[in-house]
Amino acid sequence: MNKNLYLVRCGEVALKGMNKPYFERILLERVKNALACYEGAEARWIDGLMFVRVPDTVPEDDVVDKCVKVFGVASVSTAVECEKDIDKIGAAAAEMMQKIIDNEGVQSFKVKGKRADKSFPIQSPEIGRIVGAIILKACKVLRVDVHKPDVTLTVDVRREGAYIFRDKVRGFGGLPLGTNGRGMILMSGGIDSPVAAFMMAKRGMTIEAVHFHSYPYTSQRAQQKVEDLVRVLAGYMGTIRMHVINLLPIQEQIVTNCPEDETTLLVRRFMMRIAEQIAIKNKNMMLITGEDLGQVASQTAEALVVTDSVVKMPVMRPLIAMDKVDIMDKAREIGTYDISIQPYEDCCTVFLPKHPVTKPKLERIEESESKLDVDALVAAAVASEEIVTISPR
């Protein structure tokens, strides 16, 4: 079985010092899991570089796409392997360049040499010059351009062989999933919460989700939208469990018994209480939200302090200081934006006050909550939990 070679580079993992072997082991497992759908795929570390081999019947773009979605991967290159003989390296590079010419009609190139194996008798700059001369002789339509070439080939001479590659396709970097605890994301159908979940997973955190709905005020299609968002995230994180909670009974009690301008904040405090209980039950270490300081009334500094006062668990807000435009750009990059902007309502739009309080006082909020049987409402909501298991497509 013929196999194509891919060079996978780690980013931050390489800086982990004494803990580096642990992070490398987890990253290797994640890459293998991502490629498990291809029979005969294999991966292993050699001197700080991951060598991935996949049957050549699998499209190269598919393999690269799966690898770059693994958190901890900095870049991936499709490579050609040859013996550590300069003439054979040149011949392999010329053959690769001819294929590029045939497919793309390029006119200029340069070659970069990299000598990781210091026992190889030719130094890095000379490797580039010799291989470039061989390519020029074989591909007469080309010219050398060291400043703005159409194509740059890199020749990497290592202890175990020589490797020629063209591009480095960037990954998301970060840390391998599962190396940094577990967190529970409060997942709405908006733009922000999927990005927040992605950013925490990129730091190595395993993610579960809790979603609140207000059926029948919110539709089944609204929940399907959230499931679609989580399925996109599952493409990066693997299977995700989503805990679905009916919030309507709590909202109705708040609307009936509490001041209208406090409705959103009171609902938010209940969501945090419920999420904390579910997180504790499922051994999650912290809550995660997509809140962005000052974006809406419930996300002012004062409102966030009041919201956090009902839970003991740490609350992570990875988007807290980001501009909305930057959050939208990240959503587009990870593939959630087009789903998030679909016009299906979520529970936060139900019973929305005309003039929500923006600088709440904790004492006043607690006084309003005293009119409610908080513990019973939270217990009933947790008891209504449904669990949806969402896997990648």
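Predicted model: local features only at pLDDT ≥ 70, side-chain atom pairs only at ≥ 80, totals over all residues.
Q: What makes strand β1 (residues 3–10) and strand β4 (residues 73–82) a pair?
A: Two strands pair if DSSP finds at least two bridges between them. Six bridges join β1 to β4. That meets the cut-off, so β1 and β4 pair. The two strands run antiparallel.

Q: How many helices and strands are in the chain, and what makes a run count as one?
A: Helices are DSSP runs of H or I with at least four residues, strands are runs of E with at least two, and both are numbered from the N terminus. The chain has 13 helices and 15 strands. Its C-alpha trace spans about 85 × 35 × 35 Å along the principal axes.

Q: Which other strands does β4 pair with, and how do you know?
A: Count the bridges again. Two bridges join β4 to strand β9 (residues 169–170) in the antiparallel sense. Strand β8 (residues 161–165) is also antiparallel to β4, over four bridges. Ser75 has Arg170 as its bridge partner in β9. Glu81 has Tyr163 in β8, and Cys82 stands opposite Ala162 in β8.

Q: What is Ser75 in contact with?
A: Contact means heavy atoms within 4.5 Å. Setting aside neighbours within four places in sequence, Ser75 is in contact with Leu7, Val8, Arg9, Lys168, Val169, Arg170 and Gly171.

Q: Why is β8 described as largely enclosed?
A: Five of the five residues of β8 are buried, so the rest of the structure largely encloses this strand. Gly161, Tyr163 and Phe165 point one way from β8, while Ala162 and Ile164 point the other way.

Q: What joins β8 to strand β7 (residues 151–158)?
A: Five bridges join β7 to β8, and the strands run antiparallel. A hairpin connects β7 to β8 through two residues. Thr154 has Phe165 as its bridge partner in β8.

Q: How do you know what span to expect for helix α1 (residues 20–34)?
A: The expected span is 1.5 Å times one less than the number of residues. α1 has 15 residues, for which 21 Å is expected. From its first C-alpha to its last, α1 reaches 21 Å, close to that expected value.

Q: Which residues of α1 are buried, and what covers them?
A: Phe23, Glu24, Ile26, Leu27, Leu28 and Val31 are buried. Their cover includes β1, β2 (42–46), β3 (49–55), α2 (60–68) and β4.

Q: What makes β14 (315–316) and β15 (386–390) edge strands?
A: Six strands form an open sheet in the order β14-β13-β10-β11-β12-β15, with mixed pairing. β14 and β15 each pair on one side only. Within this sheet, three bridges join strand β10 (residues 182–186) to strand β13 (residues 286–288), and these run parallel. Ile185 stands opposite Ile288 in β13.

Q: How are helix α8 (residues 263–281) and helix α12 (residues 362–369) set against each other, and how do you know?
A: Axes are lines fitted to C-alpha atoms, for helices over the stretch in contact, and angles run from 0 to 180 degrees between N-to-C directions. Angles under 35 degrees count as roughly parallel, over 145 as roughly antiparallel, 65 to 115 as roughly perpendicular and the rest as oblique. The axes of α8 and α12 come within 11 Å and cross at roughly 80°. α8 and α12 are therefore roughly perpendicular. Leu265, Leu266, Arg269 and Arg273 in α8 meet Leu362, Ile365, Glu366, Ser368 and Glu369 in α12.

Definitions and conventions:
Residues numbered from 1 in each chain as written. Heavy atoms only, no water. Buried < 20%, exposed > 50% of the residue type's maximum accessible area, 1.4 Å probe, protein only.
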